[in-house]
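Please open the model in your viewer and keep the sequence panel beside it. The stops below say what to select next and what is found there.

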Amino acid sequence: MGKIIDRRQNSKGKSTSNRHRFLRRVEDQIKKALPDLISQEKITDASKGGTVRVPIKKISEPSFHHDGRTGNKTTVRPGNDRFNQGDKIPKPPSGEGKGSGQGQGSNDPAVTEDEFSVTITRDEFLHYFFDDLELPNLLKKYMEQTEATKLRRAGYSKEGSPAKLAIKTSYQQSMARQIAIKGVLKKKLEGLKAAYESSTDVEEKASLLAEIELVEKQMKNVPFFDHIDLRYKNHEPHPQPITSAVMFCIMDVSASMGEHEKDIAKRFFTLLYIFLQKQYKKIEIVFIRHHTVAKEVDEEEFFNSRESGGTIVAPSLKLMRDIIRERYNLSDWNIYCCQASDGDAWSERDAVECRNIIKEQLLPQVQYMAYLEINNSEYSSYLWQNYKAISEDSGFSIRKIYQVSEIWPVFKGLFKKKSVIKTT
Amino acid sequence: MSIHSKKELSKKMFSNPHWDFESIELANEITDYFGKSFLKLDTYPNQIEVVTSEQMLDAYSLIGLPTSYPHWKFGKDFVINQNNYRQGRMGLSYEMVINSNPCISYNMENNSTCLMVLVIAHACQGHNAFFKGNYMFKDWTSADAILDYMVFARDYVLKCEDEFGYEEVEATLDACHALMNLGVDKYKKPSERSIREENERLRQLVDFKRESYNELWKTIPSSTSPIVEERQRGAEVEENILYYIEKNAPRLPQWKRELIRIVRKVSQYFYPQSQTKVMNEGFATFTHYHLINKMHDEGFLEEGFMLEFLHHHSSVIFQPPYSSKFFSGLNPYTLGFNIFMDMKRICENPTAEDKAWFPNMAGKDWLEHFHFAMQNFRDDSFLLQYLSPKVMRDMRLFAIRDDEKEKHYEITAIHNESGYRKLRESISSQYARENYVPDIQAEKGDLHESNVLKLIYNPIHNYQLNDKEAEETLDYVRYLWGFPVHLYRKNKLGVNQLLKKSY
């Protein structure tokens, strides 16, 4: 008759080791595809893994096959609705029509390979993503900086402030003490009473009676709370990784920022986002774009809006400051900011104002701030000059970048610098 | 409990769309009972496994085998299937069944009760009996040994990966896979060995080498001397190229020969399946159709169950016409089912036409013919023997010729008096293996003269080989063989013309 087995509880990953062998084989392609992926996908999608297109070539499984376009072959098909023997049907001009092929309905998986792509999970994605960057080390270092302490209950102590008094525990202590003391006294009393009964000597009886009275008095006077009963809730500081972060993306969208500049900025923002996402349970992004006025926008508008104008930078920083004040409590949030610009500021006064806002108002609040100047000219912009003056301050780094290939090294540099500063 | 006392129980259980293990067990018992008593099926014991969709995907990538040697190809198949499935381009089949003893079948957990009963009738009775009864499977596979052998293969490949590094193992297996279709003995029955026998064989090989170890051999440049080919002495060509390489490659290390052997065994195991798709699916569909109807007639199933069943059944045998956007070739389920149904009709109610076409079958016992056909044919011979004019008419079959030299396609036959025989021949040759696996054989040369391996392509229908693939495949052959490989094409005069070389 045979048997019936419920396999559903068995491990599901039977193909895992084969999948890993497969991934090992396409690793190179995946790595090559990563920069593209980053520029194609929305920042918020990038970390979800997504689809990486892998070229067919290296994973094809060739074997000897007929070339379906050649030869003289006859195929049988169903559903004849108009043909008679001897009918001639012109071939489609491309030379390849329905007539070609293997004949039978093939269920060969090779058929679907034309549009082959690999879906990799988020973890796999990050693995490849950071593999080249040697980020794991960096991350570790960096994580050490981002721990806060939180008080955690740790039993009871005998000392503490009245506010921390643990009433129930104290009461239990008091009960125990009372029972213990009363028990001892009661025994003593019984002994005395027995001695009193059996005694015949009047003097002895009087002294015993006095003693009995004393003990009875003592029993009544056992204090309900003694200071040794009191217990206070105890809290110990415990290291606690900070779990939420917000990233401000500030981008200059004035006329001088072209598609290339935005693309670089976007790639950089994406990388930063993924990096932060690896660290924090909860991560939010605030997109701020500015020309002469600054505005908070969604991702779509941030990268795609055509609105443009002259450039005043300071309002964007002020807006960031206001948003922090309104929505992001400093004790709950780690704040990061990445500002991307081609460095083209309206006036030196604007640049100076920016510098002051950053130095005095933002840097005390943010974990880290990066300024990215997407500019390959030799001349130093107002912003660059001014930012350079404060870039040694902890938590503020500035970089110039123009080529896609510079993104990795710059990103690495930015975070290395940060950790060096903090650890020295 | 007798089968008839289960009637009321089954009505109650099978009417609940949510199956439980009791209902599966009951379905297995009842279909088995009617399979034996009504259709006279001879089956292996069944092992029914309920699996999740992900486990079904796993099963897909190993073509149903519970285990196989590790290789990236299976991972790739899994990923492709998973992508197609997740994006809705592919549905998972309701069941999957493998040719083994016990006969293992996988049933999807989200099947309704009706589907469960259907797939148990289809796979655990239909396919199971086909595996046990058809001569291809009897001759070419050993259902008792395959599970065991795959465990051996897995362990062996893992061991090789440990010892020689995965790159070498992977490259060897890649090369073997490229020749998998040409690694089959078509005329000689191979013997499958169990894991114990296989390990024993390896041990003896090592012993033999140790005992016959001779310092002098070290001075000979080739690391392993070719094993002398005893088989088919006198024949000039060897059709099983993998076998030829395994035995004759001048300097292949022993462990690589063993890998070739493993791939050969697996290829041989799957060989009958590719040759009997129409028959196998037709037989199983015929079986489930009759078993379910029988169960209904005997009062085991409710009307509601039958409605759902008919819906599933008709979608299984749906055949879109050539002009439909859903058309993707002939549906093997439909073709096979129609032929088996028609055989039954010819036996029971033959017309004058049937009597002329099938004098031996008309009016005879249908069950006998049903078993005879299932046991003694494969797709091409089955179609040639049993495709009746009525089925051709019902399916409105027509044959279309595509000659690369012509500007037109030509309709060479349709479902009429003058076309029946031609149609039958065309469809038969369409399912013949030579139509989709190019005939390429190794020429047995004198290896002392040169180490060149000569492959000879013998074209049919004027087919050319796919050029790019042939080149890549030839490089794989070169990798295994270790010396230059030449590919020749036999022309009309029987002369070999050099096509390609891999140095």
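This is a predicted model: local features need pLDDT of at least 70, side-chain atom pairs count only at pLDDT 80 or more; totals for chains, interfaces and linings use all residues.

**Chain B as a whole**

Residues are numbered from 1 along each chain as its sequence is written, chains are lettered from A and ligands numbered from 1 in the order in which they are written, and side-chain values use heavy atoms, with hydrogens and water left out.

Colour chain B by secondary structure and you will find 21 helices and ten strands, where helices (H or I, at least four residues) and strands (E, at least two) are DSSP runs numbered from the N terminus. Of the contacts in chain B with a separation of 6 or more, 74% are between residues 24 or more positions apart, a contact being heavy atoms within 4.5 Å.

**Two packed helices in chain B**

Two packed helices are described by the angle between their axes and the distance between the axes. Select residues 21-37 and 277-297 of chain B, which are helices α2 and α12, packed at an angle of about 105° with their axes 10 Å apart. Here the axes are lines fitted to C-alpha atoms over the stretch in contact, and angles run from 0 to 180 degrees between N-to-C directions. The angle makes α2(B) roughly perpendicular to α12(B), a description used for 65 to 115 degrees, whereas under 35 is roughly parallel, over 145 roughly antiparallel and the rest oblique.

**A buried loop residue**

Next, select Asn134(B), in the loop between α5 (113-133) and α6 (135-140) of chain B. Is Asn134(B) buried or exposed? At 0% relative accessibility, Asn134(B) counts as buried. Leaving aside residues up to four places away in sequence, Asn134(B) touches Thr276(B), Met279(B), Met374(B), Gln375(B) and Phe377(B).

**Backbone features in chain B**

Most residues other than glycine have a negative phi, and most peptide bonds are trans. Ile63(B), in the loop between α3 (53-61) and α4 (72-86), has a positive phi of about 50° although it is not a glycine, and Ile63(B) is partly exposed, at 43% relative accessible area. Moving to Pro102(B), in the loop between β2 (95-97) and β3 (103-108) of chain B, you will find that the peptide bond from Asn101(B) to Pro102(B) is cis, with omega near 0°.

**A helix in chain A**

Finally, select residues 348-362 of chain A, which form helix α10, with 15 residues and a reach of 20 Å from first C-alpha to last, close to the 21 Å expected at 1.5 Å a residue. The residues Asp350(A), Ala351(A), Cys354(A), Ile357(A), Ile358(A) and Leu362(A) of α10(A) are buried. They cover an arc of only 120° around the axis, which puts them on the same side of α10(A). The face of α10(A) turned away from the buried side carries the exposed residues Arg349(A) and Glu360(A).

Definitions and conventions. The expected span of a helix is 1.5 Å times one less than its number of residues. Buried means under 20% relative accessible area, exposed over 50%, partly exposed in between (1.4 Å probe, protein chains only). The arc is that of the directions from the helix axis to the C-beta atoms.
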